[in-house]
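Welcome, and please open the structure in your viewer.

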Amino acid sequence: YQRRGMGIGSRQTSVKMSKRRLWQAYTSVLNSHPVLTKAVTASALMTTGDIIAQKGVEKREQLDVARAMRFAVFGFGFAGPVGHYWYRLLDKFLPGSGVKQVVTKMTLDQTTWAFVANGAFFAGMGLMEGKSVGDIESKIRQDYWSTMKANWMLWPAAHLVNFRFIPPEQRILYVNCVQVGWNVYLSLMAAKPVTNSNKPSKPIGNETVQS
């Protein structure tokens, strides 16, 4: 029993050391290539959220790889790098983690960045799906406001923790870890079909019909 206990303890120590080395490697790359690292991290975790949505919620037998890749592209090209500069901007003009700074940062984030990020998500996904501008507008009219309301149920509290306790260089990692769950919701919203009543009208003669 003593040998077995020693073996288990040795394996646990080895796992802890491996995790520590992995974290050290991540922080090293983060410090040397912050934008690229955050872009890759956002891409991986957004893809993870979509896969969870497809397999865990929608119970798809076959993964829609193209859909997952759209999340990967959006995370790499927008969420990671643009988020990096947004949080840097907040920290530049509102340095510190006092109560006043934290509440102000959270308020600014949720009244500016949240609107931009969610709008960019629907627009970006629509463009990558090859949808027309009219179809994208219909999608936004249908789902944007409900997405914002869901956003405000999660992100204000998450960002109070973010701006109070998370080091600036690790904020995108924290946000993306929280966002795995949020991305499940976004994935379901992106896959939700637009109802006919939300499609733009096309005039024909003196009449107007739904397209």
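Rings of Phe, Tyr and Trp (its six-membered ring) count as a pair if their centres lie within 6.5 Å. By that rule, this predicted model holds twelve aromatic pairs.

Start with one of them: select Phe-115 and Trp-152, which form an edge-to-face pair, 5.6 Å centre to centre with 70° between the planes. This pair links distant parts of the chain, as Phe-115 sits in helix 4 (residues 99-128) and Trp-152 in helix 5 (residues 133-165), 37 residues apart. Now colour by accessibility. Phe-115 has a relative accessible area of 29%, so this residue counts as partly exposed. Trp-152 is partly exposed too, because its relative accessibility is 32%.

Next, select Phe-71, Phe-74, Phe-78, Trp-86, Trp-113, Phe-121 and Phe-122 together: ring pairs link these residues into a cluster.

Then go to the loop between helix 2 (34-57) and helix 3 (65-93), where you will find Lys-59. What is the phi of Lys-59? Its phi is positive, about 60°, although Lys-59 is not a glycine. Is Lys-59 buried or exposed? With a relative accessible area of 59%, Lys-59 is exposed, because exposed means over 50%.

For the last stop, show the surface and select Lys-16, Lys-19, Arg-20 and Arg-21, which gather there in a patch of positive charge. Zoom in on Arg-21, which is placed in helix 1 (residues 2-32). The relative accessible area of Arg-21 is 47%, so this residue counts as partly exposed.

Terms used:
Residues are numbered from 1 along each chain as its sequence is written. This is a predicted model: local features need pLDDT of at least 70, side-chain atom pairs count only at pLDDT 80 or more; totals for chains, interfaces and linings use all residues. Side-chain values use heavy atoms; hydrogens and water are left out. Patches are made of residues with over 30% relative accessible area and no salt bridge: like charges are joined within 9 Å, nonpolar side chains (Val, Leu, Ile, Met, Phe, Trp, Tyr) within 5 Å. Accessible areas come from the Shrake-Rupley method with a 1.4 Å probe; for residues, only the protein chains shown count as cover. A salt bridge is a side-chain nitrogen of Lys or Arg within 4 Å of a carboxyl oxygen of Asp or Glu. Lys and Arg count as positive and Asp and Glu as negative; His and the chain ends are not counted. The place of a charge is taken as NZ of Lys, CZ of Arg, CG of Asp or CD of Glu. Helices (H or I, at least four residues) and strands (E, at least two) are DSSP runs, numbered from the N terminus. Buried means under 20% relative accessible area, exposed over 50%, partly exposed in between (1.4 Å probe, protein chains only). Rings of Phe, Tyr and Trp (its six-membered ring) pair if their centres lie within 6.5 Å; planes under 30 degrees apart count as stacked, over 60 as edge-to-face and the rest as tilted.
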